[in-house]
Amino acid sequence: LRDSLPSTADPLAFGAAHQIAIHRLAKTYCGVVVNNSTACSDMFGVCEVADAAAKAQIADTVYDRFIGANLANQPDRADVTTELVSMIDDLNCANGCNGAEGEQVLQATCTAVLSSAAVTLN
């Protein structure tokens, strides 16, 4: 995996294989966090996608932790959180989910943001 990551910060040298490696690294990281209840609570505040409030909290927390603030170019917070909540709903958690299904959705949400262009380029 390390050999597949970009060797330079130059966006013009960035290839498809680099994005795949970044996605794999993000998925592994998010999986470790989600599968450890203490780390999960520390990272997201909640570890179950129980209701609309939990979905919003997860989306806001992921934005804050991974995208951050005060960057020269960054996606709008409201747009990102709306899309993340919509993605959670599309992953069969519209009415909430918990257990293994909830963990998978939480990992997917975390991975989507951590491997996004907003994080990769900034």
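1. A residue is called buried here when its relative accessible area is under 20%. This matters for reading what follows, which concerns a predicted model.

2. By that criterion, helix H3 (52-67) has as its buried residues Ala54, Lys55, Ile58, Ala59, Thr61, Val62, Tyr63, Phe66 and Ile67. The helix has 16 residues, and the distance from its first C-alpha to its last is 22 Å, close to the 22 Å expected at 1.5 Å a residue.

3. Both ends of H3 deserve a look in the structure. At its start, the backbone nitrogen of Ala53 lies within 3.2 Å of a side-chain oxygen of Asp51, while after the helix comes Gly68, which has a positive phi, near 80°.

4. The largest nonpolar core holds 25 residues, and those that touch the most other members are Phe44, Val49 and Phe66. Two or more residues come from each of helix H1 (16-34), helix H2 (37-44), H3, helix H4 (77-93) and H5, with H3 giving the most, namely six residues. In soluble globular proteins, nonpolar side chains tend to be buried together.

5. Once neighbours within four places in sequence are left aside, Val49 is in contact with Ala54, Lys55, Ile58, Ile88, Cys93, Gly96, Cys97, Gly102 and Val105.

Note on methods: Residues are numbered from 1 along each chain as its sequence is written. This is a predicted model: local features need pLDDT of at least 70, side-chain atom pairs count only at pLDDT 80 or more; totals for chains, interfaces and linings use all residues. Side-chain values use heavy atoms; hydrogens and water are left out. A nonpolar core is a set of buried Ala, Val, Leu, Ile, Met, Phe, Trp, Tyr and Cys residues joined through side-chain atoms within 4.5 Å. Buried means under 20% relative accessible area, exposed over 50%, partly exposed in between (1.4 Å probe, protein chains only). Helices (H or I, at least four residues) and strands (E, at least two) are DSSP runs, numbered from the N terminus. Contact means heavy atoms within 4.5 Å. The expected span of a helix is 1.5 Å times one less than its number of residues. A polar contact is a pair of N or O atoms within 3.5 Å; within protein, one must be able to donate a hydrogen and the other to accept it, and residues adjacent in sequence count only if both atoms are side-chain atoms.
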